[in-house]
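Reader: Hi, I'm new to this one. Could you show it to me and walk me through it?

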Amino acid sequence: MRKKIIAGNWKMNKTFSEAQDFFLEISEYLDTQNCNNTQVVICPPSLYLELATDFAAESNIYIGAQNVSYAQEGAHTGEISAAMISSLECDYCIIGHSERRKLYSETDEFVNKKILLLQENGITPIVCIGETLEEREIGIIKDVIVNQLEGAFQNITLDSDIVLAYEPVWAIGTGKSATPQQAQEIHSLIRSWLIEHYGQEKADEISILYGGSIKPDNFKELLLQPDIDGGLIGGASLNIEQFKQLISIAVELN
Ligand code: PGA
């Protein structure tokens, strides 16, 4: 059975004390929940990863970084390495987020190097892919998605865990989520690509998350789609009440 994953991507938000308060409250909340097959992941800014993994050691939260360097170590001022993330016992790392692709020129080639380094260091990559509005409007969504997959997964074997996140760029932070049908169509395309390249058994184990303006009022319908295995949540993961509601929606569907 595939894991259901509710992952909060805080992006560049929250001060240290706000992060502390959030972790305290969410750990207490998770103590009262029977999460079963649902994993709750929080991806705070890297400065707070140690704080986060300290909380995770005592509770039912999993922790992810928001980015990692494509290089192993050395003269890369401002970057953090896969080995550093691993040394803090983080479970996940987001890579290829559309904000990194757009604002920091992250290419599929970089994403590919990062997958390899994360795998070598025992961290599960959350690989983000998705089309822009322009690409959707001119009808090339499927080509864009397949190209991103081909680029990211070149020479990658899947002996360890990996998670994918379909995040249409036009839905991120806009309040305009993809409809459950629009999302399912692309999730099913991604699943078929995984079957073709890694076989049915492996493809059936891989969680594919949807991301883009998830809110408590649209999440359930998205989660009910056969190939949507959770959410990568930006804005609504910053608000403790909304995030708790999203968790409870997922847990109820377990
Ligand atoms: P959003 O962000 O939920 O605020 O749209 C999602 C993401 O960027 O991962």
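Reader: What surrounds the ligand here, and which residues are the closest?
Author: In this predicted model, 13 residues surround the ligand, and the closest are Lys11, His97, Glu167, Gly173 and Ser213; a residue is near a molecule if one of its heavy atoms lies within 4 Å of it.

Reader: Before we go on, how were features picked?
Author: Because this is a predicted model, local features need pLDDT of at least 70 and side-chain atom pairs count only at pLDDT 80 or more, while totals for chains, interfaces and linings use all residues. Residues are numbered from 1 along each chain as its sequence is written, and side-chain values use heavy atoms, with hydrogens and water left out.

Reader: How does the shell divide into nonpolar, polar and charged residues?
Author: The shell around the ligand has 4 nonpolar, 7 polar and 2 charged residues.

Reader: Which atom of His97 lies 2.7 Å from the ligand?
Author: A polar side-chain atom of His97 lies 2.7 Å from an oxygen atom of the ligand, and an N or O atom in the side chain of Glu167 is 2.7 Å from an oxygen atom of the ligand. From Gly234, a backbone N or O atom lies 2.8 Å from an oxygen atom of the ligand.

Reader: Now the fold: in what order do the strands close into a barrel?
Author: The 8 strands close in the order S1-S2-S3-S4-S5-S6-S7-S8, with parallel pairing, where two strands pair if DSSP finds at least two bridges between them.

Reader: And how many bridges link S7 and S8?
Author: Strand S7 (residues 208-211) and strand S8 (residues 230-233) pair in the parallel sense over 2 bridges, and Tyr210 has Gly231 in S8 as its bridge partner.

Key:
Polar contact = N/O pair within 3.5 Å; in protein donor to acceptor, adjacent residues only side chain to side chain. Nonpolar A, V, L, I, M, F, W, Y, C, P; charged D, E, K, R; others polar. Helix = DSSP H or I, 4+ residues; strand = E, 2+ residues; numbered from the N terminus.
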